[in-house]
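Please read this briefing alongside the sequence and the model.

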Amino acid sequence: MTREELQTSIAELASGATWDEGGQWPVVNILPEAWPELARTLKSDPLFAFDYLFCVTGVDWKSHLTVVYHLTSLRFRHTLVVKVKLDRAKPQVGTVCDIWRTAELHEREIRELFGVEFLHHPDPRNLILPDVWDGFPLRKDYEDPVNMIKL
Amino acid sequence: MIEELGTTEQGELVINIGPQHPATHGVLHLVVTLNGETIRKVEPHLGYIHRSIEKMCESLSYRQFIYTTSRMDYLSSHINNHACALCVENGIQVEIPERAQVIRVLMDELTRIASHLLWWGAMAMDVGAITPFFYAFREREMINDIMEETCGARLTMNYMVPGGVMMDIHPNFQRRVKELLLQFKHKLPEYHELVTDNVIFQSRTKGVGYLSADDAVSYGTSGPTARGSGVPCDIRKLYPYDVYSKLEFSECLAKEGDTFARYLVRMNELEQSIRIVEQLIDNIPEGDFQAKTKAVLKLPKGEFYQRVETARGEFGVYMISEGAMQPYRIKFRSPGFSNLSALDHMARGAKIGDLVAIMGSLDLVIPDIDR
Amino acid sequence: MWSLSKISGLIDHWLNGKLGSGWASVAEMVIVGLCVIGLFAILGLVLVLMERKVSAWMQIRLGPNRVGPKGLLQSLADTLKLLVKEGLTPDGADKFLFNLAPFVAMIAAMLLMAPIAFAKDFQIWDVNIGVLYITAISSISVIGILMAGWSSNNKYSLLGAMRSGAQIVSYELSAGLSILSIVVLTGSLKVSDIIAAQQNGWWIFKGHVPALIAFVIFIIAATAETNRAPFDLAEAESELTAGFHTEYSGMKFALFFLAEYVNVFIVCAIGATLFLGGWMPFHIGSWEGFNHIMDYIPSSIWFFGKTFFLIFLIMWFRWTFPRLRIDQLLNLEWKYLLPIGMVNIILVTIVAIKGWHF
């Protein structure tokens, strides 16, 4: 599917989706409420067949957080980037690890490093940090006077 | 914190494999629930060498941050550096001289051979044969010597920089690579004789740790792990970078999806890497080894993503620039992290000995997973 | 000609003359005990060094080459290190069994020295049920391992010990059956009779194919019984760190280590005795001249030569093969070796009854 086709088909599915201009791949911005539903369609609809979630990450924009999903389809070889915009004070988004199982570890990593809560995640424990860790290291305002070296 | 681990309510035994254990090749910590010898569950616990490289990169310039990536997957440091260099080059829109591209690909493939050799020795050691490790190191040592001459380092090369490579190849480079190829082609059948054809090795690996193609995709596995299940995912073929599009090599696939299939894919990749090196070694074009770039790099506002094929699978660099001298955010998509997530699925119902074989076939490098 | 039996005869004569027969036999027992301990220690040193040199040779390395001439004193230095190391006992361990286990393993290995003929007429105890004694005592060594695994209060140890228990008990059967085939051919359980029956040729040559099959099964079972690779599941270092001796350190660990190597020596000595004629020189039927030349080589050299050849074979296995999995290990025994061994013993019996052997 070409970029334009992807844009029109996804616009039908998720109302309120906005598109970023330029870039390597089409980037769609959506709200967290719409994401699990859209994800399920993207995976199961034979039109899209986005079966390969190759990168999940979070970004702290100071005003808000985004969780970025990089999806590709092994059948059609088209790629889509989905950005879910989250409230910084109470970041919550539904999990997609029942759709793409690779998301389980990635979401656990984002949960502890960015403080994003993934609703209905089967195993929401710390993966990397100790259980008693305070704060979310990859947020921009995280300060650790002992371990962090500023250049 | 790891809670006090003993037995579960069902009387199953819980043992810790790692963080210091001969099978985990690093500080990976697996909490394994056992029923007798049979595995019920495998839970990875990470973070023992998490250095938060992604956070570190946010305060480093575009030239500096590349050096941290050598310390992630230290067995394919060239390829990690390559990905970052490509990503920055995308941003600054610079044309890379042909010579630099060829040198980069040569280094990538030599790294892949070295990495697979180490894996081969370690894999054999995991299933109990110690001797292959030394044979693998004999050839790997030659590659390390070649790298040392040209890059000045044997493990964390830091050779690829935005715009090309840091310095020109050593005058001995071509001669020594040819020596290596000559010896290696002669030794590869020996490897197959010693390990691949061994009855015990085959019975230890065939049918063990089955991963179906659908699961391989769902778990986001890549590289030989996914190709062992028949999923074509070689980035060099699908999204070629540098001179890969002009080269002749085939993507190694296997259908079985078991440990032996993953083993064979890697062994075949060794041959393909030799093929690539052979095509390039006599055809290094004359010219500059580095494009002219500004001393201080500034990327335009935007997002850049570069995927490359490391020895373990797809390595991705996701870089967000706000137009400053430093990246706003960098995410490294490491192949090991996703491959590890499939371990629990593959190991359930297998024996302890199988777990070790499966881990060996995934070729986990822990700093790559922890970052 | 110089021989070990003459020396022992002279000592016996001298002691009898000095002390009278009662005290002389007590003194002889003490001497024999000391000799066994000495042999035990020397074997440990020699075999560890041999293993390291053999593995180095196979792995394109040099092996130990710093301590002493050509590294010959390396294992002595290692022993010294182990002697002065602190022997830790974990808090949760069953202290009595934990400390007892290495000695059980060692004593079982020592007891097995008794019926082995090291040279012509040079044997500690030529008991008339020698072969039965060997099979009985070698089963005891598993108790030491189980004891160590259980008392360590460590899950790796326990798993290792359980594996080892299952393994040794199973492979004992095959080893027993292949030993039995030689007993059938000889018609005696006495070690000296078995050796004497090989005067005109070793059993491996005289006994046709069945003896060869028995020999192969014996070597496999012996490797398994001594927990050596490819059957080293009890201490599979990539799976169970060090298996049943994970918690042992210092001299207690060294005793396990020693017992393992002495066990290797003993099973190889038994294999050499039963199949390769023990101290009996290589004789071919009625070639008087050839046989006479062979007789010139001292019998102890024949014995140790054969034994060390078998030890080399077992080391060769270790440095070549990957390790089996526990279920494959038991499959190999119960589904292949045991049925083959049983059929084989029938063949041996037929050969023996019909007198088809040479």
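The points below are grouped by topic, after a short note on conventions.

This is a predicted model, in which local features need pLDDT of at least 70 and side-chain atom pairs count only at pLDDT 80 or more, while totals for chains, interfaces and linings use all residues. Residues are numbered from 1 along each chain as its sequence is written, chains are lettered from A and ligands numbered from 1 in the order in which they are written, and side-chain values use heavy atoms, with hydrogens and water left out.

**Chain A and chain B**

- Contact (heavy atoms within 4.5 Å) involves 42 residues of chain A and 41 residues of chain B.
- Buried area is the accessible area (1.4 Å probe) that two parts lose on being put together, summed over both. For chain A and chain B this area is about 3700 Å², and carbon and sulfur atoms give 53% of it.
- A salt bridge is a side-chain nitrogen of Lys or Arg within 4 Å of a carboxyl oxygen of Asp or Glu. The rule finds six of them across this interface. In one salt bridge, Lys83(A) meets Glu303(B) with an N to O distance of 2.1 Å.
- A polar contact is a pair of N or O atoms within 3.5 Å; within protein, one must be able to donate a hydrogen and the other to accept it, and residues adjacent in sequence count only if both atoms are side-chain atoms. Across the interface of chain A and chain B there are 20 residue pairs in polar contact, both residues being at pLDDT 80 or more.
- Helices (H or I, at least four residues) and strands (E, at least two) are DSSP runs, numbered from the N terminus. On the side of chain A that touches chain B, two or more residues come from each of strand S3 (52-60), strand S4 (64-72), strand S5 (79-87) and helix H3 (103-114) of chain A. S3(A) gives the most, with nine residues.
- By class, that side of chain A has 23 nonpolar, eight polar and eleven charged residues. Here Ala, Val, Leu, Ile, Met, Phe, Trp, Tyr, Cys and Pro count as nonpolar, Asp, Glu, Lys and Arg as charged, and the others, Gly among them, as polar.

**Chain B and chain C**

- This contact takes 36 residues from chain B and 24 residues from chain C.
- The two chains bury about 2600 Å² between them, with 60% on carbon and sulfur atoms. In chain B, the residues that lose the most area to chain C are Glu37(B), Phe134(B) and Ile200(B), together 19% of what that side buries.
- Two salt bridges are found across the interface of chain B and chain C. Asp354(B) forms a salt bridge with Arg325(C), with the closest N and O atoms 2.7 Å apart.
- Ten residue pairs, both at pLDDT 80 or more, are in polar contact across the interface of chain B and chain C.
- S1(B) provides the largest share of the side of chain B that touches chain C, five residues.
- Arg163(C) is in helix H6 (residues 155-186) of chain C. Its relative accessibility is 2%, so Arg163(C) counts as buried; buried means under 20% relative accessible area, exposed over 50%, partly exposed in between (1.4 Å probe, protein chains only).
- The side chains of Arg163(C) and Glu37(B) are joined by a polar contact of 2.5 Å. Leaving out residues up to four places away in sequence, Arg163(C) also touches others, including Ile352(B), Gly353(B), Leu233(C) and Glu239(C).

**Nonpolar cores**

- A nonpolar core is a set of buried Ala, Val, Leu, Ile, Met, Phe, Trp, Tyr and Cys residues joined through side-chain atoms within 4.5 Å. The largest has 75 residues, and those with the most contacts inside it are Phe65(B), Leu110(B), Trp120(B), Phe173(B), Tyr263(B) and Phe332(B).
- Helix H4 (residues 98-126) of chain B gives the most to this core, with 13 residues.
- Beyond its neighbours within four places in sequence, Leu110(B) contacts residues including Ile143(B), Met147(B), Phe173(B) and Val277(B).

**Salt bridges within chains**

- Over all chains, the count comes to 48 salt bridges.
- Arg40(B) and Glu12(B) form a salt bridge, the closest N and O atoms being 3.1 Å apart. Arg40(B) lies in strand S3 (residues 38-45) of chain B and Glu12(B) in the segment before S1 of chain B, so the pair ties together parts 28 residues apart in sequence.
- Glu89(B) pairs with Arg104(B) in a salt bridge with closest N and O atoms 2.5 Å apart. Glu89(B) is buried at 4% relative accessibility, and Arg104(B) is buried at 0%.
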